Amino acid sequence: MVSLSLFVLAAVAASAFAQSSAPANQPTPQEYAQRNQQLEQAALQVADLVDKGQQGQVWDGASGMTKQLVARDAFVKGVSADRKTVGTLITRTPANLSFSESDGKKLPAGLFANVAFATRFANEKQPVRELISFHLDGDNVWRVTGYTLR
């Protein structure tokens, strides 16, 4: 089983919650669904860039906190090496979207979204859990902060 704990890298436009009849600052169910769909699509775009060997392009759009933790060259080399280990992509199936809030002790403070895929790679007998994590930055933009294979 492959384990990769590198911080990743691309900006995702935040969902702009439209004005509605919901209480102030309270998104509607449709707005939540739209945000979730956008996060899932963004995760697929990040995974696609990694599939194509464009890790540097992904890192170029990284959040500030991610760039402080992982240099571009280290990210590119690490992801490339781990992806080479699992082989080429066979299938990627959405598995789960979850949210968590960090108090800043183990991870940077704030709201995180985790998009998990059950991904089949040529060199693995079983599907690998591919996890792409996002953080809602202070400017209300979701940006990728993690990519893991397990």
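**Figure 1. Order of the secondary structure elements along the chain.** From the N terminus on, the elements follow the order β-α-α-α-α-β-β-β-β. The model shown is predicted. Its chain contains four helices and five strands. Of the 150 residues in the chain, 43% are buried. Among contacts with a separation of 6 or more, 57% link residues 24 or more positions apart.

**Figure 2. Strand β3 and its pairing with strand β2.** Strand β3 spans residues 110-121, and nine of its twelve residues are buried, so the strand is largely enclosed by the rest of the structure. Strand β2, comprising residues 89-102, pairs with β3 in the antiparallel sense over twelve bridges. Within this pairing, R120 of β3 is the bridge partner of T91. In a regular strand, side chains alternate between the two faces of the sheet.

**Figure 3. The hairpin of strands β3 and β4.** Strand β4 covers residues 128-136 and runs antiparallel to β3, to which eight bridges join it. The two strands form a hairpin, with six residues between them. One of the bridge pairs consists of A113 and, in β4, F134.

**Figure 4. Surroundings of A113.** Leaving aside residues up to four places away in sequence, A113 touches L39, L97, S98, F99, I132, S133, F134 and W142. Among these contacts is F134, which is also the bridge partner of A113 in β4.

**Figure 5. N140 in the loop between β4 and β5.** N140 is located in the loop that lies between strands β4 and β5. The phi angle of N140 is near 65 degrees, a positive value in a residue other than glycine. Most residues other than glycine have a negative phi. The relative accessible area of N140 is 51%, so the residue counts as exposed, the cut-off for this class being over 50%.

Note on methods: Residues numbered from 1 in each chain as written. Predicted model: local features only at pLDDT ≥ 70, side-chain atom pairs only at ≥ 80, totals over all residues. Heavy atoms only, no water. Buried < 20%, exposed > 50% of the residue type's maximum accessible area, 1.4 Å probe, protein only. Pairing = 2+ DSSP bridges. Contact = heavy atoms within 4.5 Å.
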